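Student: Please take a close look at one part of this model. Then place that part in the whole.

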Amino acid sequence: MSEIMPSLFLGHGSPMNLILENSFTEALEAISRELPTPKAILVISAHWYTTQTAVSISSGIAYETLYDFYGFPPSLYELNYPSPTNNTLSKRIGDLLDVPLIERGLDHGAWMPLHFLFPKANIPIIQLSLNKNLPLALHVKMGEQLKVLREEGIMIIGSGNITHNLGLVDFYNINAPAVEWAKNVDNFVDKAFTCNDTDALIRIESLCPDFKTAHPSIDHYLPLLYIAGTRKEADEVNIITPFFQNASLSMRGFILH
């Protein structure tokens, strides 16, 4: 039997983390030394936010690296992450969820954390899109459907941020002290996720007054719900990267294993 793979939620923050050395990138590199090697990785990224649920495929032997960010230093666009494809597995996941397959490369929400966690880019990566039209409870439900993949040697990663309001980010100071509303949302999610209170995670818009400030658009929150859905009864929860960048970006993540 395959080793049961962990599932992870990661904050990814600014693309600048790809070329900076800081506590976040150092933590990801440390985590990479502890993670088991999966047969494949399914990533649910905030940056594939669309009007349907779909699974990625590629007609090539490696996925295209998408540079879906603008105005950054040229060195960022010289990086790439040519992970191998596994269209058989893509079809398996598509059948599991009864959703279509779509040709698409890896967006930076997917390949940016993988650049640190699995730098050799030698593990098949598959992405699942976020359907913006679904209620929050159905995102958790899909995570529950995906849970079985962990028993097949497939790691599941959600990539977003617990707080994400780019209009209120201090772009000039990565170490700026965290603002109060961001800390409030971070604390709420930390408690709810750690205690396996999925109802609180689903009802967060009404239970946490600062949530709408933290998420003018809900795309960066949704990946967390899938990882909550993948939780097994015997799982332990490890908190990773429990700090902020740029005053209001929570980088907190979780590992279920």
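Tutor: Contact means heavy atoms within 4.5 Å. The model is predicted: local features need pLDDT of at least 70, side-chain atom pairs count only at pLDDT 80 or more, and totals for chains, interfaces and linings use all residues. Numbering runs from 1 along each chain as its sequence is written, and side-chain values use heavy atoms, without hydrogens or water.

Take T241. It sits in the loop between β7 (237–240) and β8 (244–245); strands are DSSP E runs of at least two residues, helices H or I runs of at least four, numbered from the N terminus. T241 has 6% relative accessibility, so it counts as buried (under 20% relative accessible area; exposed is over 50%, partly exposed in between; 1.4 Å probe, protein chains only). Which residues does T241 touch, leaving aside neighbours within four places in sequence? They are F24, A27, M251, R252 and G253.

Now compare a strand residue. I126 lies in β5, residues 125–131. Its relative accessible area is 0%, so I126 is buried. Beyond four places in sequence, I126 contacts I41, L42, V43, V55, S56, Y63, N86, L89, S90 and I93. I162 is 36 residues from I126 in sequence, and their C-alpha atoms are 23 Å apart.

Two helices come next. Helix α9 covers residues 222–229. Its buried residues are L222, P223, L224, L225, Y226, I227, A228 and G229. That is 8 of the 8, so α9 is largely enclosed by the rest of the structure.

Helix α5 has 15 residues, 180–194. At 1.5 Å a residue, α5 should span 21 Å (1.5 Å times one less than the number of residues). The end C-alpha atoms of α5 are 21 Å apart, which agrees. In α5, W181, A182, V185, D186, V189, D190, A192 and F193 are buried. An α-helix has 3.6 residues a turn, so residues three or four places apart point the same way. Just after α5, N196 takes a positive phi of about 60°.

Now the whole. The protein has 9 helices and 10 strands. Its C-alpha atoms fill a box of roughly 45 × 45 × 35 Å along the principal axes. Of its 257 residues, 55% are buried; T241, where we began, counts among the buried. Among contacts with a separation of 6 or more, 80% join residues 24 or more positions apart.
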